[in-house]
Protein chains: 4
Amino acid sequence: MPNSFGKLFTVTTWGESHGASVGVVVDGCPPNLPLSVEEIQTELDRRRPGQSDIVTPRKEEDRVEILSGLFEGKTTGTPLTMMVRNADQRPEAYAEMREKFRPSHADYTYQAKFGIRDHRGGGRSSARETIGRVAAGAIAQKILRLAGGIEIRAFVTQIQDICVPALTAFPSREEVEATPIRCPHAATAAAMIERIKAVRSQGDSVGGVIECRVRGVPAGLGEPVFDRLEADLGKAMLSLPATKGFEIGSGFAGTRLKGSEHNDPFVMRDGRVTTTTNHSGGVQGGISNGAEIVFRVAFKPTATILQPQQTVDVHGADTELAARGRHDPCVLPRAVPIVEAMTALVLVDHWMRQSAQCGTFKF
Amino acid sequence: MPNSFGKLFTVTTWGESHGASVGVVVDGCPPNLPLSVEEIQTELDRRRPGQSDIVTPRKEEDRVEILSGLFEGKTTGTPLTMMVRNADQRPEAYAEMREKFRPSHADYTYQAKFGIRDHRGGGRSSARETIGRVAAGAIAQKILRLAGGIEIRAFVTQIQDICVPALTAFPSREEVEATPIRCPHAATAAAMIERIKAVRSQGDSVGGVIECRVRGVPAGLGEPVFDRLEADLGKAMLSLPATKGFEIGSGFAGTRLKGSEHNDPFVMRDGRVTTTTNHSGGVQGGISNGAEIVFRVAFKPTATILQPQQTVDVHGADTELAARGRHDPCVLPRAVPIVEAMTALVLVDHWMRQSAQCGTFKF
Amino acid sequence: MPNSFGKLFTVTTWGESHGASVGVVVDGCPPNLPLSVEEIQTELDRRRPGQSDIVTPRKEEDRVEILSGLFEGKTTGTPLTMMVRNADQRPEAYAEMREKFRPSHADYTYQAKFGIRDHRGGGRSSARETIGRVAAGAIAQKILRLAGGIEIRAFVTQIQDICVPALTAFPSREEVEATPIRCPHAATAAAMIERIKAVRSQGDSVGGVIECRVRGVPAGLGEPVFDRLEADLGKAMLSLPATKGFEIGSGFAGTRLKGSEHNDPFVMRDGRVTTTTNHSGGVQGGISNGAEIVFRVAFKPTATILQPQQTVDVHGADTELAARGRHDPCVLPRAVPIVEAMTALVLVDHWMRQSAQCGTFKF
Amino acid sequence: MPNSFGKLFTVTTWGESHGASVGVVVDGCPPNLPLSVEEIQTELDRRRPGQSDIVTPRKEEDRVEILSGLFEGKTTGTPLTMMVRNADQRPEAYAEMREKFRPSHADYTYQAKFGIRDHRGGGRSSARETIGRVAAGAIAQKILRLAGGIEIRAFVTQIQDICVPALTAFPSREEVEATPIRCPHAATAAAMIERIKAVRSQGDSVGGVIECRVRGVPAGLGEPVFDRLEADLGKAMLSLPATKGFEIGSGFAGTRLKGSEHNDPFVMRDGRVTTTTNHSGGVQGGISNGAEIVFRVAFKPTATILQPQQTVDVHGADTELAARGRHDPCVLPRAVPIVEAMTALVLVDHWMRQSAQCGTFKF
């Protein structure tokens with residue numbers, strides 16, 4: 001099931017950019033969770049086009065409808081389905097895409113794989129697919145909050161070569177949402193926004209890095225071998241469009257330390273086992289250790305640019321292509337809620353697994 | 001099934017460092033593949049302790065036995081099971097581990113998760129678990145070679161701050177195996193080895209980066225959404241002990257480029273669609289594009305060091321711990337065949353999926 | 001994923017009887033299959049309420065909409081989603097069901113499991129859930145027909161104690177559809193219809209047996225151990241509402257034969273291996289042998305009857321209940337297309353598995 | 001993973017009749033379960049050859065070894081692996097099977113599927129594969145007993161046309177084990193044994209029916225749609241060699257009743273919801289209702305008989321075959337512990353699922 005994610009809290013997304021709708025089925029959702037359509041919509045609005053002047057001005061209200069699994073304001077434990085109708089379709093804007101493969105997009109690879117592709121707006125490879133993930137993630141985040149006091153915060157730490165200074169405090173949601181770039185450091189945010197506007201005016205695009213932190217995760221979530229927490233988080237992030245890298249804790253920089261510098265000493269604090277440093281990023285041996293989970297995700301510059309580019313067409317001839325229309329010069333601001341959503345999906349799933357294996361039977 | 005990997009070519013590993021054995025079941029292996037126990041052993045010898053003077057001198061022959069699934073030198077399509085008996089067990093060397101949690105190891109998190117742990121040699125969290133992966137990967141690599149001409153080559157590109165210069169050619173197996181560090185650039189390899197020996201003499205450890213390249217992969221392997229090829233490769237790598245990061249193609253460095261610099265232009269060459277650059281790392285939209293697949297994996301310094309470290313014990317008291325015995329000062333040389341094995345497992349699985357969905361029915 | 005079926009051709013259904021909609025996501029559908037919404041509708045019309053005078057007269061047009069995965073009349077290989085809006089909702093007819101558990105329905109068990117239930121029309125336990133299965137099964141049947149010449153035919157062979165005489169020929173679709181009871185033997189069909197009407201006039205209900213035959217299945221579909229073809233067919237049938245039994249080939253009657261009577265002798269016929277009898281029902285060792293697949297499914301009498309029945313309410317008090325409204329006095333006529341749909345889902349899935357493991361690599 | 005069963009308590013079996021060993025990996029086993037190798041062996045001894053004078057006299061001690069997942073007498077939550085070496089191998093007894101397909105065996109279908117087969121003793125299709133199931137089932141039964149007071153009892157109710165009278169009481173283990181046929185009704189057992197001996201003396205074989213009852217199952221186990229408890233039980237049973245049918249509760253006989261006769265009225269008894277009859281067999285809408293679970297499994301007569309039979313060979317020529325050697329004239333006595341094992345695997349799995357979804361989060 002390549003379009004499903006999660007073993008126990010399973011989300012299955014459907015839909016193409018210019019098809020009838022995009023949506024998601026959440027299977028395995030715990031019953032009796034109070035839930036309103038507004039809670040879902042709030043998260044969708046954070047990834048919506050047109051929300052600020054540094055994202056695509058496409059007009060998509062992205063109004064979500066709950067199709068099943070909710071009864072008198074509570075989840076029933078049966079599949080919870082949510083759908084957004086696609087509205088702003090301008091198929092004529094995509095006529096060229098039928099013929100030409102956009103560089104560093106999925107046009108060519110989809111054609112190679114399936115022998116057919118819905119070229120309109122990228123079809124299934126469009127980031128509109130992530131609407132379903134964000135909707136499902138909103139539920140997962142609520143579960144984690146209500147049941148475990150777990151809080152997830154993603155934010156932009158780098159745009160091109162503009163980096164945020166080291167953050168010590170866990171940023172608040174308000175700090176993140178204070179600027180359209182979703183960087184909690186105001187001065188850096190301003191520079192990032194300026195850079196994005198400058199690059200956009202050249203018909204070009206930029207990438208960057210999103211960091212995500214999670215606090216309140218109890219020790220014991222994750223699995224020993226293949227389904228390590230960092231492996232599942234890494235897969236979740238690398239399944240997002242435009243991602244090229246993932247690192248947890250010390251990450252690539254940690255490869256330059258010695259073991260004596262990198263190890264996180266254990267100490268007792270308030271009767272609990274904790275560590276004095278967190279190079280591990282909250283995960284040891286694939287399992288959470290109770291410290292803050294910290295990871296970073298690399299996003300490449302948006303592939304769609306307005307400058308002419310060399311490419312080939314479906315008939316195997318060299319040609320040239322220049323995108324028109326309304327595009328994100330930088331995907332990161334809208335990717336922040338998506339990173340949070342995927343993180344929540346991973347954590348709820350592992351919580352349920354932990355409960356199933358280690359919480360069920362007491363001998 | 002947290003101890004299984006792969007949807008169609010599924011490997012399930014078992015075993016603890018000091019239990020009776022470690023092993024693996026390969027379910028879904030294509031039938032009629034010629035296979036000998038020696039082919040498996042060859043790969044296991046590459047990850048074996050005691051193979052050189054920069055790895056642990058532990059004595060483990062790691063002789064593999066094939067328990068099922070092979071008949072008259074060919075696979076039968078039924079589960080192929082391989083087992084290695086654990087030999088060099090010195091439980092007395094691990095008495096302290098029963099009481100104290102080793103920093104940045106899995107001792108504490110396993111205890112937190114399961115409420116019990118086999119402390120001897122790290123139990124299930126020991127890298128001996130990867131024996132099963134390497135054995136299964138040997139089969140996967142043979143399949144890819146025979147059926148698709150696909151070749152996988154991993155090698156060390158960085159130890160602490162010592163980096164290999166940019167490699168243009170695809171390194172040969174011989175070049176990689178020429179030095180015990182498995183870095184195909186001889187001068188750099190010498191410096192790396194010297195560094196490892198120096199650090200070991202201090203009772204310390206180092207980490208680094210392994211790069212993996214794959215050539216011969218046809219366009220079309222991978223899946224659009226959650227099971228993107230890079231997502232599955234990332235998960236595979238992050239499921240290995242001591243890994244903290246994964247990047248494909250341009251990776252984290254690519255976040256500093258503009259879209260106009262990062263996009264890979266398509267051109268026709270010899271009648272085939274190809275790209276003039278490979279920032280994508282061989283994958284676009286989650287699906288291979290026929291270019292070389294290139295990714296890198298960050299390994300932290302070995303957690304086991306001989307210097308005294310602050311930690312806590314199972315009774316919740318602060319204490320100190322100093323490892324004794326025989327350990328790898330650097331895991332990378334022995335991790336090279338493991339990275340290749342996991343890469344092969346991912347690729348065979350996606351090949352089979354591609355065949356199932358897109359190769360079966362022609363309308 | 002309790003609401004998903006199939007490993008490679010995976011269907012996930014959603015929806016409650018009186019929620020916004022019922023639907024299905026088909027993940028893994030082969031690309032390039034020509035498909036029209038009418039082909040789906042045709043099958044849905046066979047399970048629709050109100051289609052004859054022996055089924056419920058509820059008014060549901062059950063018009064299907066394709067939401068994704070179809071482009072210019074062909075499948076794209078991405079999730080194919082189909083939805084039917086629920087129309088004929090009379091929640092007031094179900095007020096009593098909020099309070100009282102209907103005997104031999106799922107009301108009590110859903111409440112026990114989830115601690116909440118959508119009581120309206122049975123919610124998720126309603127047979128409306130099978131709409132998604134029939135829609136997905138229509139696609140599976142088309143695939144089998146186009147790619148393999150495989151033909152599936154289910155039909156009613158028993159209503160209460162009225163049994164069809166032994167059928168030697170494979171019934172045609174026309175013969176099955178000739179009567180509203182979907183029994184291809186006209187005289188028996190007439191008696192069955194008469195019986196259903198008689199029982200309905202007493203406010204009672206009846207059950208019976210559906211037989212399903214499949215011809216054109218090549219030898220080699222199925223799996224050796226847990227996923228035997230008969231095991232997957234059995235699971236598929238027993239996952240249908242109101243089913244209480246499944247048997248393949250000789251079934252329960254075969255337990256009275258000796259081995260010398262039961263074994264199917266192999267003979268060569270037209271250069272092909274075949275059997276002179278078919279007690280095996282087309283499956284040996286879990287794998288198809290090329291003979292006709294023959295199995296039977298037992299359906300209990302409809303639980304909803306108009307006579308007063310003893311039961312308990314949600315407050316734990318003994319009480320009485322009498323259904324009102326429009327119900328099927330016998331589910332079998334409408335279950336015929338559902339049995340065919342589930343059979344097709346199993347066979348397509350195994351075809352794809354077979355292709356993945358045994359059709360991919362040739363050594 | 002065709003050789004795996006169970007979503008959360010996952011067993012993967014390996015091995016061929018005449019390969020090095022048969023075995024099983026149990027993944028997902030709850031930690032801290034006290035377990036000894038003797039407890040496993042006890043169950044294996046119940047399915048062992050040579051245990052009585054009505055089963056095959058083959059000499060197989062079937063001594064089990066635990067290879068992983070057990071530490072100081074308790075499960076660790078990591079994969080628990082168990083293996084039995086194959087001992088009594090007489091490959092020369094099987095030379096004819098290399099050339100000729102045994103009627104109603106898996107020889108031909110394995111060859112058709114895989115293009116290769118280990119013909120020795122049936123290879124993977126041998127009932128020796130069930131050793132792994134019984135070993136895993138012993139653990140599952142202990143879990144159910146310790147944690148939930150759940151008791152599973154299978155027994156033979158029919159051999160050919162000899163049927164046990166209706167049993168009202170839940171048979172004790174001692175009553176079942178009192179006779180080698182494992183029928184708790186002594187007089188019927190004697191007749192069955194006599195029949196088996198008579199048939200064996202003719203070189204022939206017989207089949208029959210095993211009933212299984214489970215008491216102590218709480219209401220709420222199972223899933224609404226595809227993974228109904230009866231569907232998973234049905235799949236489990238139909239995955240056993242020689243099974244041709246499965247029915248739960250009223251089964252096929254229930255198709256002759258009217259709804260008013262078949263429905264199980266609810267009543268309050270001792271403050272609990274219960275039913276006055278149990279045509280449902282303990283399952284309603286796919287979910288347990290707290291009543292005894294009752295189902296029956298049809299086993300065909302053993303395919304291996306000593307009389308000459310018509311068949312074809314691997315070269316496509318008509319020929320004749322007569323089995324030699326030591327075979328079970330009836331598989332049912334040895335199948336009783338296997339039916340119990342599979343039942344336990346299904347129930348533990350659903351218990352864990354229930355805990356994960358509905359026991360984890362309380363809102």
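Visitor: In what order do the five strands of the open sheet in chain D run, and what is the sense of their pairing?
Guide: The order is β1-β2-β3-β7-β4 in chain D, and the pairing is antiparallel. The model is a predicted one.

Visitor: What makes β1 and β4 of chain D edge strands?
Guide: β1 (4–5) and β4 (64–68) of chain D each have a single partner strand, so one side of each is left without a neighbour in the sheet.

Visitor: How do you know that β1(D) is paired with β2 of chain D?
Guide: Pairing requires at least two bridges between the strands. Two bridges join β1(D) to β2 (residues 10–15) of chain D, and these strands run antiparallel. D:F5, for instance, stands opposite D:V11 in β2(D).

Visitor: Which strands of chain D does helix α4 touch?
Guide: Helix α4 (residues 130–148) of chain D packs on the sheet and touches β2, β3 (21–27) and β7 (80–85) of that chain. The direction of the helix makes about 35° with that of β3(D).

Visitor: Why is β2 of chain C called largely enclosed?
Guide: A residue counts as buried under 20% relative accessible area. Six of the six residues of β2 (residues 10–15) of chain C are buried, so the rest of the structure largely encloses this strand. The burial applies to both directions: C:T10, C:T12 and C:W14 point one way, C:V11, C:T13 and C:G15 the other way, and all are buried.

Visitor: What makes β2(C) a partner of both β1 and β3 of chain C?
Guide: At least two bridges are needed for a pair. β1 (residues 4–5) of chain C has two bridges to β2(C), in the antiparallel sense, and C:S4 stands opposite C:T12. β3 (residues 21–27) of chain C has six bridges to β2(C), also antiparallel, with C:D27 as the bridge partner of C:T10.

Visitor: How many residues separate the strands in the hairpins of β2(C)?
Guide: Four residues lie between β1(C) and β2(C), and C:G6 in that turn has a positive phi of about 100°. The hairpin of β2(C) and β3(C) has five residues between its strands.

Visitor: How many residues of chain C and chain A are in contact?
Guide: 42 residues of chain C are in contact with 42 residues of chain A. The two chains bury about 3,300 Å² between them, with 59% of it on carbon and sulfur atoms. C:M1, C:F71 and C:I116 supply 20% of the area that chain C buries against chain A, more than any other three residues.

Visitor: Which residues of chain A does the UniProt annotation "binding site" cover?
Guide: According to the UniProt record, the annotation covers A:R124, A:S125, A:S126, A:G285, A:K300, A:P301, A:T302, A:A303, A:T304 and A:R326. They span 203 residues in sequence and the farthest two C-alpha atoms are 44.7 Å apart, so they do not all gather at one spot.

Visitor: Why is A:S125 called buried?
Guide: The relative accessibility of A:S125 is 16%, and the cut-off is under 20%, so A:S125 counts as buried. A:S125 lies in the loop between α3 (107–114) and α4 (130–148) of chain A. Leaving aside neighbours within four places in sequence, A:S125 is in contact with A:A106 and A:Y110.

Visitor: What makes the approach of A:G122 to A:S125 a polar contact?
Guide: The backbone oxygen of A:G122 lies 2.8 Å from a polar atom of the A:S125 side chain. The limit for such a pair is 3.5 Å, so the distance qualifies.

Visitor: Why does A:R326 count as buried?
Guide: Its relative accessibility is 18%, which falls under the 20% limit, so A:R326 counts as buried. A:R326 lies in the loop between β18 (318–321) and α9 (332–359) of chain A.

Terms used
Residues numbered from 1 in each chain as written. Chains lettered and ligands numbered in written order. Predicted model: local features only at pLDDT ≥ 70, side-chain atom pairs only at ≥ 80, totals over all residues. Heavy atoms only, no water. UniProt positions renumbered as here; feature names shortened; annotations may be inferred. Buried < 20%, exposed > 50% of the residue type's maximum accessible area, 1.4 Å probe, protein only. Contact = heavy atoms within 4.5 Å. Polar contact = N/O pair within 3.5 Å; in protein donor to acceptor, adjacent residues only side chain to side chain. Axes fitted to C-alpha atoms, helices over the stretch in contact; angles between N-to-C directions. Buried area = accessible area lost by both parts, 1.4 Å probe.
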